[in-house]
Amino acid sequence: MIENLKAIARWVRPDNYGGAQWPEYFVFLGQSRDSDALERSNFEQGLAALGGESDTVFIVRERHWAVGWVEWIAIHEGDITALTEADAMTCALSDYPVLDEEHHSGLEYDEVSERWASMRMRERIELCAEHRLSIFAARRDYLPPNDSGSLFNSLRG
């Protein structure tokens, strides 16, 4: 059955790696300190779709010199059901990069809202003026309504 997997691969020891060895495991999805909302959403939803962590499916957490830390979902070679599901999800991600649109949108909205709430008043006023919104909207900690979405998109990046 393992030979039928199309998209996920067995763990391979990276060059200059000094951590634990995982030869009986396949790598599903990963994330790092620098992951965006899409990568974090797919990681959370992918793990949830596999039923969460178990004896054969778990998150491996490792330090990384460039990004601080990385996490990846390990699936034991004996868990054919989880491997098949993970492989199907990985194939689906090659066609459309989001496992759960609603979850991803929610994460993205929360991040933008937090960014707005943490900005100084002057920055908010400048953004409101730039996006042709009332500068009085800058007084509130919640995002001002913006039908064109330009403010949201500028805060998203």
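Is glutamate 108 buried or exposed? At 16% relative accessibility, glutamate 108 counts as buried (under 20% relative accessible area; exposed is over 50%, partly exposed in between, with a 1.4 Å probe and protein chains only).

This is a predicted model, where local features need pLDDT of at least 70, side-chain atom pairs count only at pLDDT 80 or more, and totals for chains, interfaces and linings use all residues. Residues are numbered from 1 along each chain as its sequence is written, and side-chain values use heavy atoms, leaving out hydrogens and water.

**View A. Arginine 156 meets glutamate 108.** Their side chains form a salt bridge at 3.7 Å, N to O (a Lys or Arg side-chain nitrogen within 4 Å of an Asp or Glu carboxyl oxygen). Arginine 156 sits in helix H5 and glutamate 108 in helix H3, so the pair ties together parts 48 residues apart in sequence (helices are DSSP runs of H or I, at least four residues; strands are runs of E, at least two; both are numbered from the N terminus). Arginine 156 is partly exposed, at 41%.

**View B. Arginine 10 pairs with glutamate 77.** Here's another salt bridge, 2.6 Å from N to O. Arginine 10 belongs to strand S1 and glutamate 77 to the loop between S4 and H2, so this pair links parts 67 residues apart in sequence.
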